[in-house]
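Here is a short tour to read alongside your viewer. Please open the model and follow along.

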Amino acid sequence: MSTTQRCESINSYIKWFLNCKIPLRDFIRHVDIAQRNIRESERHDDFIGYYTEPAYPTDATLIGYLRQYGAACTRQVFHMVKLEVDLESRYNIVGREAEGTSNIFKLRKFSHQGSEYTVTHSMVDNHLQCSCRQFESDGIPCRHIFAVMKNLDLQHVPPTLIKRRFTVRAKEGVTDFVVPPSYQDVPQVVEMSRFGTLNILATHMNSLAAKLDSSYNIAKDKMRELILQFQLALEEQQDPASSDIPNECSSTPRRLVRDPVIVRTKGCRDSDFSKPGVQRQVGNKCGRCGVRGHYRTTCRAPMEQDSQATTQGYETASHTDATPSTSGNNQPFPGSI
């Protein structure tokens, strides 16, 4: 796995522990929790790969290939290989050609005349390469390769088709982590580098010591002695500056991580209210009395102008009704008598 793949994988996992609203101190704590979960999951996967076996199907034709991958690779890789083995029976070999030290096979899916795949078999090291390029991208053989292996009657999977990085022994060759020069003075980075190295060595030692009763008892007693020895040495030579408990005798100042200063967000800035001594008036303004704090419909101010207009309207209406009409004959309407 390349460095870019490692970074993208870790970022995609840590993003579930973070959001844009947490403060900086919680951000650091959540990242530590995510890294701790990654380490615990890795230990769990190592234990399953070392001390357990997967469930093999009893009716599988290529069960020998599955047993080889189950004993050598991790459990996740085993399930991916099992899926490819289950689908290899759907493909038929429609052609075979010999070219130098290689054999070229043509495969086609049953009842599919359009798609065709080419598998090249090298007779020198039994390496197989398919035109779908799944082994180069995912690291596991494709269903077309398994179909050709069954046709060639290969009893074992070629070593070139098992990548070391997918095996349970992938970390045994790593005995020490190199700390970059720019992080040599950071105690946390150096400590985690040492922890990774000791974790790999302890896992390999535990897998060997657990096989025999005598080696198990020896390893258990030695571990207890070492744990007690390291605890006493840590209590005697512990650096006060690296402790979380404040020490008044220490002259090294503590570095406290605080929240960043909140600044004004982007947008139009009002020059009048940005001046010192000028305050922005907040609240609703009434459309009738002009006082803030309520609406026109809830205003309790006396309605002077409205009451005068209403009174004048009533007086005009009563005066018009009392004045007799001068147009036409003042005869009563028929039926009014």
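## Basis of the model

This is a predicted model, where local features need pLDDT of at least 70 and side-chain atom pairs count only at pLDDT 80 or more, while totals for chains, interfaces and linings use all residues. Residues are numbered from 1 along each chain as its sequence is written, and side-chain values use heavy atoms, with hydrogens and water left out.

## The largest nonpolar core

The largest nonpolar core holds 31 residues, and Tyr69 and Met149 have the most contacts inside it. Such a core is a set of buried Ala, Val, Leu, Ile, Met, Phe, Trp, Tyr and Cys residues joined through side-chain atoms within 4.5 Å. At least two core residues come from each of helix 3 (63-72), helix 4 (75-87), strand 2 (102-109), strand 4 (128-130) and helix 6 (143-152). Helix 6 gives the most, with 6 residues. Helices (H or I, at least four residues) and strands (E, at least two) are DSSP runs numbered from the N terminus.

Setting aside neighbours within four places in sequence, Tyr69 is in contact (heavy atoms within 4.5 Å) with Phe78, Val81, Pro141, Phe146, Val157, Leu161 and Ile162.

Helix 7 and helix 8 pack at about 145°, with axes 8 Å apart; axes are lines fitted to C-alpha atoms over the stretch in contact, and angles run from 0 to 180 degrees between N-to-C directions. Met205, Asn206, Leu208 and Ala209 of helix 7 meet Ser215, Tyr216, Ala219 and Met223 of helix 8.

The second largest pocket has about 420 Å³ of space. Helix 7 (187-209) and helix 8 (213-237) are the elements giving two or more residues to its lining, and helix 7 gives the most, with 7 residues. A pocket here is an open set of points on a 1 Å grid over the protein atoms alone where a 1.4 Å probe fits, with protein on both sides within 12 Å along at least five of seven lines; lining residues have an atom within 4 Å of a point. The volume is the space filled by probe spheres set on the points, which are joined across faces, edges and corners.

## Two single residues

Is His144 buried or exposed? His144, in helix 6, is buried, with a relative accessible area of 5%. Buried means under 20%, exposed over 50%, and partly exposed in between (1.4 Å probe, protein chains only). Beyond neighbours within four places in sequence, His144 contacts Tyr91, Leu107, Tyr117, Val119, Cys130 and Cys132.

Glu99, in strand 1 (residues 91-99), counts as exposed because its relative accessibility is 54%.
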